[in-house]
Amino acid sequence: MAFGRRILSFGAGGGGAYVAHFMVLAGGGGSGNSPMIGGGSGAGGLRTSFGSNSGGGSSAETALNLTSGTVYTVTVGAGGAAGSGGNFHKGNVGNPSSLSGADITTIESNKGGAYGNSDPHGCGVGGSSSVAPHLVGGGGKTQGTANQGFAGGNGNSVSGGGGGGVGSVGGNASGNFGGNGGAGLDISITGASVGYGGGGAGVFNSSGCGGSGYGVGTASHGGSSCNSGVSAAANRGGGGSISSSSGFRPGGSGIVILRVPTANYSGTTTGSPTVTTDGTDTVIQFTGSGTYTG
């Protein structure tokens, strides 16, 4: 399934103003092109009003007041593609996700960083290496943007640092072993605890496994650099990793989720979003184009 940048609009409907929780997760950065050594890429930024914690160590944000008749527009960011070309070619940063409307302040989560990529909006505060930039983990925290994710880990002369996650910094390389990807966050906005936004793992300089890209919770945050070459999962916003034996991996695509009281939910959607109920609320998960009529 191809993941691109998706634009969704929320059309007008019936009812008055009502409170809605949100989660906006950007696409993670893609791995660079290095067959042996390299830093993991960062997770996409995460902002949410649900639960206790948002990305980058911040507290959950304030829920939104949505108004009937107002159009709310969502952009879901794709994960960054893996680097191509010669060895050590930089990876591609992920794409931002956002939620906007005339009566709310735009909620934007910034793109995940990619190792070796100098994009000032995507690489973020990565780790350091005394040898080469391709050993630096990508920043899950984009440059100048706090409270969405964390920095990548440090590389050394032979191994790459882990990419930053939304829940913790990427791990530092240790000797011949790459750093672990930074942890993601487990968030229950859908009614079930789901892990989002883990950093990709760094890889080291011989065949075998580097660090884990899984973070906390489910094994679906960032990509792993083990021989299996596990990719970051779709719509989880994880950072990509390099596999020392089986190639380079893109970042995971983002997702935007709204949780509204069922009593206020209009039931009118297009684009086939996933719609479920949890207790007295309706949950709408946007992974593709569509609309919601308030």
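Close-up 1. Arg259 is buried, with a relative accessible area of 8%, where buried means under 20% relative accessible area, exposed over 50% and partly exposed in between, calculated with a 1.4 Å probe on protein chains only. This is a predicted model, in which local features need pLDDT of at least 70 and side-chain atom pairs count only at pLDDT 80 or more, while totals for chains, interfaces and linings use all residues. Residues are numbered from 1 along each chain as its sequence is written, and side-chain values use heavy atoms, with hydrogens and water left out. Arg259 forms a salt bridge (a side-chain nitrogen of Lys or Arg within 4 Å of a carboxyl oxygen of Asp or Glu) with Asp278, and their closest N and O atoms are 2.8 Å apart. Because Arg259 lies in strand E12 (residues 255-261) and Asp278 in strand E14 (residues 274-278), this pair ties together parts that are 19 residues apart in sequence; strands here are DSSP runs of at least two residues, numbered from the N terminus.

**Close-up 2. Arg259 and Asp281.** Arg259 also forms a salt bridge with Asp281, with 2.9 Å between the closest N and O atoms. Asp281 belongs to strand E15 (residues 281-286) and Arg259 to strand E12, so the pair joins parts 22 residues apart in sequence. Asp281 counts as buried at 17% relative accessibility, whereas Asp278 is partly exposed at 27%.

**Close-up 3. Glu61 and Arg47.** In the salt bridge between Glu61 and Arg47, the closest N and O atoms are 2.7 Å apart. Glu61 lies in the loop between strand E3 (46-48) and strand E4 (64-66), and Arg47 in strand E3, so parts 14 residues apart in sequence are tied together.

Key: Helix = DSSP H or I, 4+ residues; strand = E, 2+ residues; numbered from the N terminus.
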